[in-house]
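Work through the exercises below with the structure open. Each task is followed by a solution in steps.

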Amino acid sequence: MDNSENVCIIIITNNITGDTFLMKNFDTFGIMIDCSRNAVYTVHALKRFIDLMSAMGYNALLLYTEDTYEVEGEPYFGYFRGRYTQAEIKEIDAYAKNKGIELIPCIQTLAHLGRLRAQDPYDPLFDCNDILLADDERVYALIDKMFDACEKAYTSRRINVGMDEAHMIGLGKYLDIHGYTNRYDILRRHAEKVTELAKKHGFEPMMWSDMFFRLATGGDYRLSDIVITEKERAMVPDGMAQVYWDYYTIPKERYDIMFKNHKLLSDNTWFAGGIWTWSGFTPHNELSLLTIDPSLESCIENGIRNAFMTMWGDGGAECSIFSVLPAMYYAAKRAEGETDMDKIKAGFEKLVGISYDDFSKLDLPDALPIEMKPQRYVTSYIRNPSKFMLYNDPFLGRYDSVVHFDEDKYYSEVSEKLAPLTESGEYAYLFRSAKALCDLLEYKYALGARARKAYKAGDKAELEKILSDFGTARARLDTFRKEFYTTWFTDKKPDGYEVTDLRLGGLASRLETCEKRLSDYLSGKLSSVDELEEELLCCDGHGKDFIGRLGFFNSYARAASQSTL
């Protein structure tokens with residue numbers, strides 16, 4: 001069937017290179033930036049990013065702000081979190097509009113509000129965990145204020161109201177007040193009320209779609225069969241668009257099935273894919289392509305006209321949005337229908353001034369060689385040792401079980417590859433930080449495993465060498481801390497950096513303590529090092545067959561200690 005007469009064709013001219021982009025496959029194709037997981041990007045950084053978006057052919061930017069925007073009459077909303085003022089959002093909005101970019105608010109009106117709950121005045125408004133108390137008028141008064149703030153700051157009349165991953169809705173304070181209530185009914189009433197408030201302020205709302213699926217299937221979201229019935233469709237309020245989000249799936253047919261489910265759920269479906277910025281300090285440009293290709297191909301075939309790529313910041317937002325420019329450019333070209341990788345790489349270098357392959361070297365700190373068997377989800381390939389082995393405790397390291405004792409050579413080689421890119425250019429600060437991280441991991445990665453191995457073997461000569469390596473690791477940590485400080489403050493507001501300060505400062509202290517303990521043992525002050533006496537177990541509980549197998553572990557707390565932090 002030819003729908004060409006009903007298709008909006010967007011033509012964008014790049015004022016930097018003079019190239020023209022024909023975005024015939026999408027009405028909206030954008031980027032979502034996480035400004036809630038400790039990092040709030042400065043106005044200046046967002047303007048730089050908007051320039052790149054416009055040059056690449058994007059036409060929408062969603063700012064994901066849980067509590068990081070100013071709400072009138074709510075001084076504790078985003079307190080000490082680097083929240084955007086109304087004036088800042090208006091400035092970003094005007095700049096984006098001038099570049100052909102629609103700035104769309106992306107907020108939360110049900111879950112993912114844990115930092116808001118940490119402020120005492122808001123605790124009574126919560127059901128459990130990070131989930132607001134549905135059917136409570138105080139909650140809807142607050143949500144009304146949220147919409148009022150967005151209405152005043154943004155010119156876009158489209159808004160993402162969140163409502164994803166509210167797994168425990170109705171099972172906390174709500175249960176105490178009302179007794180057990182069908183959770184589908186709770187979600188339906190809440191969604192209807194949020195839709196009503198959004199329309200009151202002139203917004204066309206959209207929400208993440210997963211909760212309608214999870215309640216229908218007992219928790220599953222990414223499905224291999226049709227599950228939506230008239231019952232589920234009746235739950236969706238009129239005018240509430242549904243956003244299918246999937247950053248993980250590789251087989252195209254899975255996307256096809258989910259789009260068919262969504263069309264049964266709503267007449268207005270968006271898609272949100274992922275460009276991986278949420279696994280620590282290191283981006284995953286190349287692995288992001290594993291999901292970008294099938295998801296966009298499925299969008300086009302299934303007539304999904306509105307889509308955006310997310311850049312989340314889970315676990316501390318250590319990774320800069322500017323570090324994934326290759327994947328971002330690739331996604332824009334694929335959305336236009338370009339499949340020639342040589343053309344894509346040439347266009348990227350023309351725009352950015354660095355070759356696509358060189359820029360993608362920022363992936364290398366997490367690209368230790370592993371066996372790549374065909375998998376269904378990209379998480380089977382994603383590894384983030386540059387984070388979990390950085391914070392892995394020097395003596396009580398649960399992740400010492402993944403060490404192969406040749407990682408020092410790998411990180412030394414990566415450092416050499418990054419070195420030429422640290423010398424000049426707009427993005428040199430990213431490569432300096434990545435190089436400093438590799439220089440640190442050359443010594444830190446296997447430090448604890450080496451100490452345990454030598455201690456168990458009674459090899460005091462090797463322990464003397466390891467003692468010296470503790471000092472080298474501390475010095476290189478100091479260098480990395482300074483480089484990462486520059487990276488953070490080049491792009492982000494200061495609020496949230498205190499978390500990195502505490503983490504890196506804590507690591508420095510642990511290195512010093514363990515060095516002292518090892519020194520006292522070697523000098524005879526200690527008869528044993530109790531921490532190194534315990535036998536090492538597989539980090540993920542799968543037994544000895546899994547020892548040495550890399551994984552994706554994004555929790556600082558689990559890496560730093562097995563005790564309560």
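The model is predicted. At 31% relative accessibility, Leu-175 counts as partly exposed.

**Exercise 1.** Place Leu-175 in the secondary structure and state which nonpolar surface patch includes Leu-175.

Solution. Step one: Leu-175 belongs to helix α5, residues 173–178. Step two: together with Met-168, Leu-171 and Tyr-180, Leu-175 makes a nonpolar surface patch of about 360 Å².

**Exercise 2.** Classify the pair of Tyr-247 and Trp-312, and find which parts of the chain the pair ties together.

Solution. The ring centres of Tyr-247 and Trp-312 are 6.4 Å apart and the planes stand at 55 degrees, so this pair is tilted. Tyr-247 lies in the loop between β10 (241–245) and α9 (252–265), and Trp-312 in the loop between β12 (306–311) and α11 (325–336); the pair therefore ties together parts 65 residues apart in sequence. Tyr-247 and Trp-312 are both buried.

**Exercise 3.** Which rings have Lys-193 and Lys-460 over them?

Solution. Lys-193 lies over the face of Tyr-140, 6.0 Å from the ring centre. For Lys-460, the charged end sits over the ring of Tyr-521, at 5.0 Å from its centre.

Note on methods. Residues are numbered from 1 along each chain as its sequence is written. This is a predicted model: local features need pLDDT of at least 70, side-chain atom pairs count only at pLDDT 80 or more; totals for chains, interfaces and linings use all residues. Side-chain values use heavy atoms; hydrogens and water are left out. Rings of Phe, Tyr and Trp (its six-membered ring) pair if their centres lie within 6.5 Å; planes under 30 degrees apart count as stacked, over 60 as edge-to-face and the rest as tilted. Helices (H or I, at least four residues) and strands (E, at least two) are DSSP runs, numbered from the N terminus. Buried means under 20% relative accessible area, exposed over 50%, partly exposed in between (1.4 Å probe, protein chains only). A charge sits over a ring if NZ of Lys or CZ of Arg is within 6 Å of the ring centre and within 35 degrees of the ring normal. Patches are made of residues with over 30% relative accessible area and no salt bridge: like charges are joined within 9 Å, nonpolar side chains (Val, Leu, Ile, Met, Phe, Trp, Tyr) within 5 Å. Accessible areas come from the Shrake-Rupley method with a 1.4 Å probe; for residues, only the protein chains shown count as cover. A salt bridge is a side-chain nitrogen of Lys or Arg within 4 Å of a carboxyl oxygen of Asp or Glu.
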